[in-house]
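Hi everyone, thanks for making time this morning. Have a look at the chain on the screen, and I'll walk you through a few parts of it.

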Amino acid sequence: MTRVVLADDEGLIRVGVRTILSADAGIQVVGEAGTGAELVAVAAEQRPDVALVDIQMPGGDGISAIAELRRVSPGTAVAMLTTFGKDEYVVRTLGEGANGFLLKAGDPRELIAGVHTVAAGGACLSPKLARRLVDRFRTEPAAPDPAAEAARRLEGLSPREREVLALIGEGLSNAAIARRVHLAEDTVKTHVSSVLARLGAENRVQAAIAAYQAGLVEG
C-alpha cells in the first residue's frame with residue numbers, strides 16, 4: 001500500500017486529487033495540508049511514502065518546504081503538482097530534489113501512475129512537460145547549447161548506462177528498468193547511481209532532463 005499526503009491550498013483540488021487516488025486500491029491518502037508548514041507537520045507524523053505537493057502555497061510554499069520535509073521524513077518521495085504556466089518553479093524545484101512533476105490538468109491515470117512510480121524509486125516527468133522544459137533551456141540566451149552540453153555530459157557513459165538513462169527519461173522505476181533490460185534490480189541500482197554521478201545530477205528528474213536534451217528520449 002502506497003501512503004500519500006496531499007498538500008494544496010485549494011480544498012477543492014485536494015478533494016479532486018483524493019477522489020482520483022482513492023480509485024486505486026493500492027493507494028491510501030493518509031493526510032492533507034494547505035500550506036508548506038502544515039505539510040511538514042503532517043509528514044513528520046505520518047511518514048508517508050509520497051508527498052504530493054502543490055508548487056505554490058501560502059505560508060511556506062511547496063518548494064521551500066521540500067528541504068524540511070526531507071529532514072523530518074527522509075524516506076518520503078516528493079511529487080510536485082504544476083501547470084504549464086509555471087515552468088520557472090519547476091526549474092527551481094529540480095535543484096531541491098523533487099522526484100516527479102505531475103500536471104493538475106493531466107490524465108487522472110497519469111496521476112495514479114506517477115504516484116506509484118515515485119513511490120517505487122522512479123522519476124515521474126510528463127513527456128509534454130519535459131519537452132517544454134528542454135525547449136525553454138534551449139532558448140535561454142545566456143546558456144550554452146543544451147543539446148551539445150548534454151551530449152558532452154553523456155560522453156563518459158557506457159552503452160548500458162546510456163540505455164538505463166534513456167529508461168530513466170521514460171520515467172521507469174528501477175524495478176521496471178530491470179524487467180526491460182533483463183538485469184537484477186540491484187544491478188540496475190548500481191547503474192543508476194553511476195549515471196547520476198557521471199552526469200552530476202542530484203536526482204532522477206535531472207537525469208531525465210539530460211536524457212531528453214541529448215535526444216535519448218523523444219518528447
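So, where is the place of histidine 191? Histidine 191 sits in helix 10. Before I go on, a word on the model: it is predicted, so local features need pLDDT of at least 70 and side-chain atom pairs count only at pLDDT 80 or more, while totals for chains, interfaces and linings use all residues. Residues are numbered from 1 along each chain as its sequence is written, and side-chain values use heavy atoms, with hydrogens and water left out.

Helices here are DSSP runs of H or I with at least four residues, strands are runs of E with at least two, and both are numbered from the N terminus. Helix 10 covers residues 185-199. From first C-alpha to last, its 15 residues reach 21 Å, close to the 21 Å expected at 1.5 Å a residue; the expected span is 1.5 Å times one less than the number of residues.

Is histidine 191 buried or exposed? It is buried, because its relative accessible area is 19%, and buried means under 20%, exposed over 50% and partly exposed in between, with a 1.4 Å probe and protein chains only. Other buried residues of helix 10 include Val188, Val192 and Leu196. Leaving aside neighbours within four places in sequence, histidine 191 is in contact (heavy atoms within 4.5 Å) with Arg160, Glu161, Val164 and Leu183. Just after the helix, glycine 200 takes a positive phi of about 70 degrees.

Now over to strand 5, residues 100-103. Both of its faces are covered, with Gly100 and Leu102 buried on one side and Phe101 and Leu103 buried on the other. Strand 5 pairs with strand 4 in the parallel sense over four bridges; pairing needs at least two bridges found by DSSP. Strand 6 also runs parallel to strand 5, joined by two bridges. Phenylalanine 101 is the bridge partner of methionine 80, and it stands opposite leucine 125 in strand 6.

Helix 5 (residues 108-119) is on the path from strand 5 to strand 6. Its end C-alpha atoms are 17 Å apart, which agrees with the 16 Å that twelve residues should span at 1.5 Å a residue. Among its buried residues are Leu111, Val115 and Val118.

Last stop: aspartate 54, in strand 3. With 6% relative accessibility, aspartate 54 counts as buried.

Technical notes: Right-handed = clockwise from strand over helix to strand, strands pointing away.
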